Amino acid sequence: MSSALWAELKQLAQQPLSLRQQFAADPKRAEKFQVNACGIHLDFAKNLITDGIWQKLLELAKQSQIQSKTQQMLHGDKINNTEQRAVWHMALRADTKTPLVLDGVDLQPEIQACHAQMAELIGQLHQGSYKGYQGDAITDLIWIGIGGSLLGPQMACEALAPFNKSPVRIHFAGNIDGAVVSDVVKGLNPATTLVFVASKSFGTEETKQNALAVRQWFTDKGADKAAIAQHFWATSSNIKAAAEFGIVAEHILPMWDWVGGRYSLWSAIGFPVALQLGMEQFQQLLKGARDMDQHFINAPLEQNMPVILALLGVWYINAKGCQAQALLPYSHYLRFLPSYVQQLDMESNGKGVDLDGKPLTDATAPVIWGDAGTNGQHAYHQLLHQSALAVPSDFILPAKVSHELNDHHHRLAAHCFAQTQALMQGKTFDEAKAEVLASGASEAEAIALAPHKVSPGNKPSNTLLLPELSPYYLGALIALYEQKVFCQGVLWNINSFDQWGVELGKQLSTPIYQVLSDQQKNNFDASTEALIAKFKQLNLG
Ligand code: F6P
């Protein structure tokens, strides 16, 4: 971020810019700042950019290594340099005819075999022919995993709930909070429950602990070793650890070294989604993502949706000093999308050093947060509208809905568009005063109340319109954010595919656990010592 171009952009960011005036001065602004990809429409006209700023940002993209790094990723180069791994999640959604040769091995047969295994199990579960240890059909599936092994399938299952055609109910268990597993097994019958342990490493504490608890629940209910083998499946790249846990080889779906956890929805980690939708519709999810990949690879930079989102992001983070970004899906079904993108973006790009290990001087990933609209309008939108903080926001709206209440949907859409409009244009003192006067107040009352009603406006937003929330468009939407995150990683010259920062907390929890469970004595800082003592006193009390 030290180029002359960046210096220029940082200077431009200091100059006043009124979005109201920009729209008034340029009738073609909305037409200019919009783009379509895979049926998704992006309106980015309500951003704090002028033609000049936008040209400079595009210049930044041209000068960057986005295109060459994309080629390296496609060729399977080990661009995850700290772990010496290729970054090949795109292969999982590639056309079946595309040869996928990595380190001299064609992976297409392995990927197809995995899909075939998923299809076979899904067929059996849908037909009720996969029998439990007492000869009953399976009615419930517990999916145990965390982070990338849970957020994607959980989000996509919720997003595509109207497409559910599976007789098997799916329950997700991620957190090590015992309340999760206790609640999940409540009311379930082990004889009709299938369990999937989803862990690339098969070493994640939360997943192991929850898997052990569920296995214990099986044995407590009378299941023996053979029954466990019949009911437990895994998706993992650590076959040995899965086998040691008691999962038979035929029940282990592959995970590959070249797929990062947060990019693994397209692998067997997507099993719950495939189970819910059927394999055909799961393929549509992959196709949507594949088409977005093709758009990203082939579209010129100025029409390239992931590149555009990435440039706007760095403009706000690095030139305008914004530290947060809101993700506001106007769709109940997309309510888990912000949590999913949180991991995707913050775990990928929340880094402190560049590819060579040199400390970064500029900020990287924003704090991603959000929830489904219109709920947020009655909670945190107040801050978005009137506080001094500028939080660039992505509004996401499917145009067509699967339910019957289309008038509800018109109202939902009206709120979505009204929010972006209100954020952009705000309300001036004179407008606020006129409004108060029109309600019958005196001049003095209007002058007193008007400042409270002023909204500064000039708050940037993108609006993404999806034709509908189908497997295809969801796939395209997720791939859009994946590629945006990739581009930003390139612009910041960081490794978006490792996550060393999460290790320290994991390491430190072990000695604390040993003290809490009276296995060992350890010394900590005074605050931690005091907290442990207080916790133990209350925990036992
Ligand atoms: O939180 C760290 C992390 O390694 C994530 O990147 C990953 O998605 C998650 O833990 C789960 O890992 P695993 O699939 O190996 O259990």
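Before using UniProt, I noted that its positions are given in the numbering used here, that feature names are shortened, and that annotations may be inferred rather than shown by experiment. This is a predicted model, so I kept in mind that local features need pLDDT of at least 70, side-chain atom pairs count only at pLDDT 80 or more, and totals for chains, interfaces and linings use all residues. Residues are numbered from 1 along each chain as its sequence is written, and side-chain values use heavy atoms, with hydrogens and water left out.

Entry 1: I found "active site" in the unreviewed UniProt entry at Glu347, His378 and Lys506. These residues span 160 residues of sequence and are spread in space too, up to 36.7 Å between C-alpha atoms. Of them, Glu347 and Lys506 are included in the lining of the largest pocket. I wrote down the pocket rule: on a 1 Å grid over the protein atoms alone, it is an open set of points where a 1.4 Å probe fits, with protein on both sides within 12 Å along at least five of seven lines, and lining residues have an atom within 4 Å of a point.

**Entry 2: the ligand.** Where does the ligand sit? I found it in the largest pocket (more than half of its atoms lie within 2 Å of the pocket's grid points). I then looked up polar contacts (pairs of N or O atoms within 3.5 Å). A polar side-chain atom of Ser149 is 2.6 Å from a ligand oxygen, and one of Gln343 is 3.3 Å from a ligand oxygen. Lys200 uses a backbone N or O atom, 2.8 Å from an oxygen of the ligand.

Terms used. Polar contact = N/O pair within 3.5 Å; in protein donor to acceptor, adjacent residues only side chain to side chain.
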